[in-house]
Amino acid sequence: MIGGVMFETDQAKAFFDAWLKLRDGNEIPHFRGLFSGLPPKLVPQLMIIEESDDGRFPIRFMGTESVEDWGSDLTQTDSLQALSPEFSEAAKINLKTVLDLPCGIRGITIGITSAGRKRETEYVLLPAGTDAGKMRRFVAFNSALGDVSYVQPVGKIVEISPCTWIDIGYGVPKERPRV
């Protein structure tokens, strides 16, 4: 069954539904098509992330709301740099699964802002199509939970809730996601 996941935020659900509508049969939406095919209000919360040959996951595009959430544009940096080594290793396994199967994953991260406040964010990661011979990519969508009236960048991710695989038509792994 495609989907079958409960989302915490309306924005995350809207992103997943819009991503599904971009599919042509069983094809994964190409990353370039996300910019013209998704509702414009969702694009500022996107990040496009690539799997590099050296095992890193550099950010190739970061929407304006994501830049504000992190306090700077992290394009070209490793997307896992804000995680502890333990979370980073688990995340690498999850990300490779998203690209290999393919499937999606969603969960909640808890970050600490520059002012020491906790900030919860729902994330959804889905594969993104690329040109032949290019590195594999996925799209990350982030939606803040709770009071977001204050604008303080997240400095470090300190906790990741148990995440859930998302079936996009190819099934999901039998084992739960790491973390």
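With which side chain does the side chain of R106 make a polar contact? The partner is the side chain of E122, at 3.0 Å; a polar contact is a pair of N or O atoms within 3.5 Å, where within protein one must be able to donate a hydrogen and the other to accept it, and residues adjacent in sequence count only if both atoms are side-chain atoms.

1. Basis. This is a predicted model, in which local features need pLDDT of at least 70 and side-chain atom pairs count only at pLDDT 80 or more, while totals for chains, interfaces and linings use all residues. Residues are numbered from 1 along each chain as its sequence is written, and side-chain values use heavy atoms, with hydrogens and water left out.

2. Layout. The protein has four helices and seven strands, taken from DSSP runs (helices H or I, at least four residues; strands E, at least two) and numbered from the N terminus. Their order from the N terminus is α-α-β-β-α-α-β-β-β-β-β. Of the 179 residues, 50% are buried, that is, under 20% relative accessible area, with exposed over 50% and partly exposed in between (1.4 Å probe, protein chains only).

3. R106. This residue sits in strand β3. R106 counts as buried because its relative accessible area is 8%. D78. The loop between α3 (64-70) and α4 (85-100) holds D78. D78 is buried and has no salt bridge, defined as a side-chain nitrogen of Lys or Arg within 4 Å of a carboxyl oxygen of Asp or Glu. The nearest side chain of opposite charge, R56, is 4.9 Å away; Lys and Arg count as positive and Asp and Glu as negative, with His and the chain ends not counted. The side chain of D78 does reach the backbone nitrogen of F57, at 3.3 Å.

4. Cavity. One cavity of 30 Å³ or more is found in the whole structure. On a 1 Å grid over the protein atoms alone, a cavity is a set of points where a 1.4 Å probe fits but cannot get out, and lining residues have an atom within 4 Å of a point. The largest cavity holds about 540 Å³ of space, a volume being the space filled by probe spheres set on the points, which are joined across faces, edges and corners. Among its 34 lining residues, S79, L83, T109, Y123 and N142 are the closest to its centre.

Technical notes
On a 1 Å grid over the protein atoms alone, a cavity is a set of points where a 1.4 Å probe fits but cannot get out, and a pocket is an open set with protein on both sides within 12 Å along at least five of seven lines; lining residues have an atom within 4 Å of a point.
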